[in-house]
Amino acid sequence: MENCGNNIYRIEIPAEAQYIIFNNGSSQTSDIRLEGINKIYNGAHWETYP
């Protein structure tokens with residue numbers, strides 16, 4: 001995972017992946033369905049990331 005600054009992190013995900021789980025070391029999300037490329041998850045939904 002790469003820290004891009006401003007509390008934004010980047011990771012390469014295999015093309016066949018359908019879900020992702022975020023974990024901060026003490027808690028984690030449920031499975032979140034991936035929705036394309038160049039997206040940012042704001043904690044509630046995906047948004048297009050420039």
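Buried residues make up 8% of the 50 residues in this protein, where buried means under 20% relative accessible area, exposed over 50% and partly exposed in between (1.4 Å probe, protein chains only). This is a predicted model, so local features need pLDDT of at least 70, side-chain atom pairs count only at pLDDT 80 or more, and totals for chains, interfaces and linings use all residues. Residues are numbered from 1 along each chain as its sequence is written, and side-chain values use heavy atoms, with hydrogens and water left out.

**Exercise 1. Sketch the fold: how many helices and strands does the protein have?**

Solution. 
- Step 1: Start with the rule. Helices (H or I, at least four residues) and strands (E, at least two) are DSSP runs, numbered from the N terminus.
- Step 2: Count them. There are zero helices and six strands.
- Step 3: From the N terminus on, the elements read β-β-β-β-β-β.
- Step 4: Along the principal axes, the C-alpha atoms fill roughly 25 × 25 × 20 Å.

**Exercise 2. Find the salt bridges: which side chains meet Arg10 in a salt bridge?**

Solution. 
- Step 1: Set the cut-off. A salt bridge is a side-chain nitrogen of Lys or Arg within 4 Å of a carboxyl oxygen of Asp or Glu. The background is simple: side chains of opposite charge can pair when their charged atoms come close.
- Step 2: Count. That rule gives two salt bridges.
- Step 3: Name the pairs. Arg10 meets Glu2 at 3.5 Å, N to O, and Arg10 also meets Glu12 at 3.5 Å, N to O.
- Step 4: Join them up. Through shared partners, the salt bridges link Glu2, Arg10 and Glu12 into one network.
- Step 5: Check the cover. Arg10 is partly exposed at 41% relative accessibility, Glu2 is partly exposed at 40%, and Glu12 is exposed at 65%.
- Step 6: You'll find Glu12 in the loop between E2 and strand E3 (19-20). Its C-alpha atom is 16 Å from that of Ile32, 20 residues apart along the chain.

**Exercise 3. Look at the surface: which residues form a nonpolar patch?**

Solution. 
- Step 1: Know what counts. Patches are made of residues with over 30% relative accessible area and no salt bridge; like charges are joined within 9 Å, and nonpolar side chains (Val, Leu, Ile, Met, Phe, Trp, Tyr) within 5 Å.
- Step 2: List the members. Met1, Tyr9, Ile11 and Ile13 form the patch, with about 460 Å² of accessible area together. Those areas come from the Shrake-Rupley method with a 1.4 Å probe, and for residues only the protein chains shown count as cover.
- Step 3: Zoom in on Met1. Met1 sits in the segment before strand E1 (2-5) and is exposed, with a relative accessible area of 75%.

**Exercise 4. Describe the largest pocket: which residues are the closest to its centre?**

Solution. 
- Step 1: On a 1 Å grid over the protein atoms alone, a pocket is an open set of points where a 1.4 Å probe fits, with protein on both sides within 12 Å along at least five of seven lines; lining residues have an atom within 4 Å of a point.
- Step 2: Take the volume. The largest pocket holds about 1100 Å³ of space. Here grid points are joined across faces, edges and corners, and a volume is the space filled by probe spheres set on the points.
- Step 3: Go to the centre. Of the 31 lining residues, Tyr9, Ile11, Phe22, Lys39 and Trp46 are the closest to it.
- Step 4: Trace the strands. Strand E2 (8-10) and strand E5 (39-41) each give the lining at least two residues.
- Step 5: Sort by class. The lining has 19 nonpolar, eight polar and four charged residues. Ala, Val, Leu, Ile, Met, Phe, Trp, Tyr, Cys and Pro count as nonpolar, Asp, Glu, Lys and Arg as charged, and the others, Gly among them, as polar.

**Exercise 5. Check the backbone: what is the phi of Asn6, and what is the phi of Asn7?**

Solution. 
- Step 1: Recall the background. Most residues other than glycine have a negative phi.
- Step 2: Read the angles. Phi is near 55° for Asn6, a positive value, and near 60° for Asn7, also positive.
- Step 3: Locate them. Asn6 is in the loop between E1 and E2, and Asn7 is in the loop between E1 and E2 as well.
- Step 4: Look at accessibility. Asn6 is exposed at 76%, and Asn7 is exposed at 70%.

**Exercise 6. Take Ile20: is it buried or exposed?**

Solution. 
- Step 1: Find Ile20 in strand E3.
- Step 2: Apply the cut-off. With a relative accessible area of 14%, Ile20 is buried.
- Step 3: Look across the chain. Ile20 and Arg33 are 13 residues apart in sequence and 6.5 Å apart in space, C-alpha to C-alpha.
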